Amino acid sequence: MREVNPMDTNRATSWKLYIDAPMPMVTIFKTLDISGLIEWKAKGYKLNMLLCYCIALAANQTKEFRLLPVGRKMMEYDQIGVNVIVANRNGGINSCDLPFSPDLDAFHRSYLELTEHVHQTCCDYEIQDHMIVGTSSLIHYDVDGVVNMYSGIFNNPFLIWGKYRQEGAATKLQVSFQFHHVQMDGIEACEFLEKIQRSITHLTGK
């Protein structure tokens, strides 16, 4: 992780346009076909882990995720991670950052170990040197989309989803993707969502 001059990046124009915007976040909704992940779930893999893997894989393939405005600085990252919300043993919730690995089984082991650590300790687990993609799953609720709050503190991209739905033979999941307009534009955001779908499809074929 290092600070870079935003004027020397391909986000220079967006920096000038949106860094001082009072609400610089954009939200896009997309319905994913996760039928293949349900098959992996039947093999003993957690669906949330599989979704996080596909999200991190797509982010790792998208150059815009390497840059993030942090306060009044533009930071460049070499590594990608994904964040999950964990129910702790005291009945509350904590945050857990997971480093991305392209190896599914390695990511799976890390997911299980770190989320269990957070569950038991009731303490957040943070990775400071990764560009973290936030996630939140409302799996018990049938929602059409969520527009997350903008705190002005965290500019990280964020995905939220609820309960998946059966549409004929297909299993569909609606996701909301929120991102800072300095980090990317709508075209890059839509391509990222398409990459998630392609990652799911690729995983299905394994």
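**Exercise 1.** Leaving aside its neighbours within four places in sequence, with which residues is Asn60 in contact?

*Solution.* The model is predicted: local features need pLDDT of at least 70, side-chain atom pairs count only at pLDDT 80 or more, and totals for chains, interfaces and linings use all residues. Residues are numbered from 1 along each chain as its sequence is written, and side-chain values use heavy atoms, with hydrogens and water left out.

Step 1. Contact means heavy atoms within 4.5 Å.
Step 2. With neighbours within four places in sequence set aside, the partners of Asn60 are Arg66, Ile80 and Phe100.

**Exercise 2.** Determine the setting of Asn60.

*Solution.* Step 1. Asn60 belongs to helix α3, residues 47-60; helices (H or I, at least four residues) and strands (E, at least two) are DSSP runs, numbered from the N terminus.
Step 2. Asn60 has a relative accessible area of 31%. Buried means under 20%, exposed over 50% and partly exposed in between (1.4 Å probe, protein chains only), so Asn60 is partly exposed.
Step 3. Ala42 is 18 residues from Asn60 along the chain, and their C-alpha atoms are separated by 27 Å.

**Exercise 3.** Characterise the fold of the whole protein chain.

*Solution.* Step 1. The secondary structure comprises 5 helices and 10 strands.
Step 2. The radius of gyration is 17 Å, close to the 17 Å of the globule rule for 206 residues, so the chain is as compact as a globular protein of that length. The radius is taken over C-alpha atoms, and the rule is 2.2 Å times the number of residues to the power 0.38.
Step 3. Of the 206 residues, 48% count as buried.
Step 4. Among contacts between residues at least 6 apart in sequence, 68% join residues at least 24 apart.
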